[in-house]
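Dear colleague,

I am handing over the structure below, and my notes on it follow. Please read them beside the model.

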Amino acid sequence: MTTTDSTCSPNFIRNIIAEDLKANKNEGRVMTRFPPEPNGYLHIGHAKSICLNFGIAAEYGGVCNLRFDDTNPSKEDIEYVESIKSDVRWLGFDWGDRLFYASDYFEKLYEYAVQLIKQGKAYVCDLSAEEIREYRGTLTQPGKESPYRTRSVEENLDLFERMRAGEFEDGSRVLRAKIDMISPNLNMRDPTIYRIRRAEHHRTGNKWCIYPLYDFAHCLSDSIEGITHSLCSLEFEDNRPLYDWFLDELKVYHPQQIEFARLNLTYTVLSKRKLVQLVEQRYVSGWDDPRMPTISGMRRRGYTPESIRNFCERIGVAKRDSIVDMALLEYCIREDLNQRAPRVMGVLRPLRLVIDNYPEGQVEDLEAINNPEDPGMGSRKVPFSRELYIEREDFLEDPPKKFFRLAPGREVRLKHAYYITCVGVVKDEQTGEIVELHCTYDPETRGGWSEDGRKVKGTLHWVSAAHSLKAEVRLYDYLFVKANPDDEKNGPDFKAYLNPNSLETLTSCRVEPDLAGATPGSRYQFLRQGYFCIDSRDSSDGALVFNRTVTLRDSWAKIAKKKE
RNA sequence: UGGGGUGUCGUCAAGUGGUAAGACACAGGAUUUUGGUUCCUGCAUUCGGAGGUUCGAAUCCUCCCACCCCAGCCA
C-alpha cells in the first residue's frame with residue numbers, strides 16, 4: 001500500500017494504544033480486526049473503520065484480521081462477502097492469510113456455551129420471544145426472572161444438546177446467560193446467546209440449526225484470534241459490560257473493546273437499513289450507483305482509494321456524534337485527481353462555432369500539455385479545424401459585468417489554439433435559440449500566445465466538430481437536498497429529501513478524439529469542467545459514457561450566484 | 001423518570017493545570033493559456049451554562065442544561 005497520505009494527528013485510540021505499548025500490555029502486540037456482517041455493501045462509513053483498524057495495526061507494527069460476523073444466516077449472503085473482500089482490497093488493505101469467519105468458531109463457541117452451562121451461568125429458557133420481552137422489564141422498571149432460570153445444570157446440558165440436535169422447533173427455546181434481571185443495563189438482563197434457526201448458512205450449510213448471537217460470538221471470536229484492541233462504534237458501549245462478562249466468566253484471553261463515533265456525512269445517508277431501501281425501491285440503480293456512498297458506488301463514480309484513505313485520516317476519530325461536511329470529501333478527491341488526472345477537452349453542451357477566415361478543409365494538430373501539475377505526463381496533439389464546438393454557457397449575447405467569456409465583438413482564447421473574435425450570431429428563426437456562432441481567428445496567435453502582448457480575459461475549451469467523439473456524460477449531484485436527511489424528527493421519512501436532480505444525463509456531448517479507446521475506469525479532468533471517469537458498466541468503445549466524479553471549484557459560479 | 005455516553009470556530013478536530021494546533025468551509029489579495037492549481041492574509045479574548053479550587057482552569061470540584069444510545073431469538 002502506498003502511504004503518501006498520513007498526516008497522523010493524535011486521537012484517543014492511538015493514545016490508548018501508545019500507553020498500552022508503554023506498559024507492555026499484550027507483550028507489545030497490536031492486533032485489530034475489521035468485522036463486517038455480510039448482509040450489505042460496504043460504504044464510506046465502513047471505510048473509516050477499515051482505515052482505522054488496518055491503519056492503526058500497521059502503524060504499531062501489528063496486523064488486522066478480516067473477520068466476517070456471519071452469525072445470522074437468514075440475512076447473510078455470499079454475494080456480500082465477495083463484495084466486501086474486493087472493496088477492502090480496493091481500498092488498499094491486505095489481511096494476508098488472516099481471513100476469518102465467526103462461523104469458523106461455531107464448534108468452539110458451542111463448547112464455551114456448554115462450559116457456561118456447567119458453571120451455572122447459562123440456562124435453556126422456554127419462554128416465547130414475546131414473554132422474554134415482557135420479563136425483561138423496561139428502561140425504568142426492573143425485569144423479572146424466567147421460571148426456567150433455576151433448571152439444573154444436567155437438564156440444561158441435555159436440553160442444549162437437543163437444541164443442537166434439532167429436536168425443537170425454531171423459536172421454541174433459547175440459551176440465555178444467567179446474569180442479573182434487575183440490572184439497569186438491559187443487556188445484562190439474561191441476554192439470549194443462542195437461538196434455534198433452521199436456515200441454510202452460506203458457509204456451514206445445514207450443519208447447524210442453532211446460531212450464537214452477536215454478544216456471545218463477537219467477544220469470543222476476538223478472544224480466539226488474540227485481538228488486542230477491539231474497535232467498534234458508540235452504540236456498543238452498553239454491550240461492553242457483557243463483552244467483558246463472557247470473557248471473565250470463561251476465563252479466556254480478554255481483548256479490550258473501545259468505542260468510537262461512526263461517520264456521518266452531509267447530504268447522504270450511511271445506514272445499511274436506509275441504503276438498502278434506496279436500492280430495493282429503485283431510487284438508485286443499484287449498490288454501485290455512482291450517487292451511492294458505497295465503496296462500489298464511489299469507485300464507479302471515480303473516487304480513488306488514496307482520496308478515501310486521506311479523507312478518513314482527515315476526519316479524525318473521536319467519541320462525539322458528528323456530521324462531516326461533504327465538502328471535505330470533495331476536497332480530498334480534487335486534491336488527488338489534480339495531481340494525477342490527465343487534462344482533456346470535452347464539451348458538455350455543444351454550440352457550433354465557425355471560424356470564417358480559417359481555410360476550409362484545413363486541419364492542424366496542436367500541441368496540448370497533459371497535466372500542468374506534472375510535466376512528466378507529456379503532451380498530445382489535438383486537431384483544430386474551421387468548425388468547432390464550444391460550451392453553450394461560454395457565450396452570452398448580452399454578458400453581465402465580470403463575464404470574461406465570449407460575446408459579440410469580444411476576443412477570447414481557445415485553449416492551446418488561437419485567439420478568436422465573435423463576429424456573428426445565428427439564431428433559429430422560430431425559437432430565437434442561438435444555433436451557431438461566427439468568429440474570426442488571428443493566425444499570429446497560434447498556440448494561444450500573442451506576440452504583441454495583447455491580453456485576453458477568457459480561455460475556452462473546444463473540440464473540432466469533425467474530429468470529436470460523441471459521448472454520454474452523467475452529471476451527479478448530492479443524493480439529498482437536505483444536509484441531514486437522517487433528521488426525521490417530527491418530519492417526513494428521509495426519502496422525502498431525495499434530490500430529484502441528483503442525476504442529469506447528457507447525451508450529445510463531444511470529446512476530443514484522443515479519448516477513443518480509453519479504458520473503463522480511467523479518470524480525466526475535462527478542462528474547466530471537473531473530473532470524469534469512464535463508466536465501467538455502461539461505456540464501450542463505440543459509445544463512451546463518463547461519470548462526473550466532482551466539479552472543479554468554480555469561482556465564476558459563485559459570483560454569478562451572488563448577483564441574483 | 002433507569003443506565004451508558006458526549007458537549008472546544010459554520011463543519012471536523014488537537015489540547016490531559018501554564019495562558020485555544022491544524023484541516024475543510026468562508027472572505028479578501030497575488031500569480032495563472034483551466035474564473036482550476038499554487039501562494040499570501042483574515043477567521044474562537046474563548047472552550048454548553050453557573051459557581052468554586054488555584055498565582056494560573058478548556059483541562060480539577062459542584063450544580064445545572066442540551067444532545068446521542070439502550071427495552072431484537074439484529075449486528
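How many residue pairs are in polar contact between domain 2 and domain 3? The count is 6 residue pairs, both residues being at pLDDT 80 or more, where a polar contact is a pair of N or O atoms within 3.5 Å, one able to donate a hydrogen and the other to accept it, and residues adjacent in sequence count only if both atoms are side-chain atoms.

This is a predicted model, in which local features need pLDDT of at least 70 and side-chain atom pairs count only at pLDDT 80 or more, while totals for chains, interfaces and linings use all residues. Residues are numbered from 1 along each chain as its sequence is written, chains are lettered from A and ligands numbered from 1 in the order in which they are written, and side-chain values use heavy atoms, with hydrogens and water left out.

Chain A is divided into domain 1 (12-260), domain 2 (272-301 + 317-342 + 471-563) and domain 3 (346-460), with bounds that come from an automatic or database domain assignment.

Glu512 forms a salt bridge with Arg380, and their closest N and O atoms are 2.5 Å apart.

Elsewhere, Asp87 counts as buried because its relative accessibility is 1%, buried meaning under 20% relative accessible area with a 1.4 Å probe and protein chains only. Leaving aside neighbours within four places in sequence, Asp87 is in contact with Leu42, Ile295, Ser296 and Arg299.

Conventions. Buried < 20%, exposed > 50% of the residue type's maximum accessible area, 1.4 Å probe, protein only. Contact = heavy atoms within 4.5 Å. Salt bridge = Lys/Arg side-chain N within 4 Å of Asp/Glu carboxyl O.
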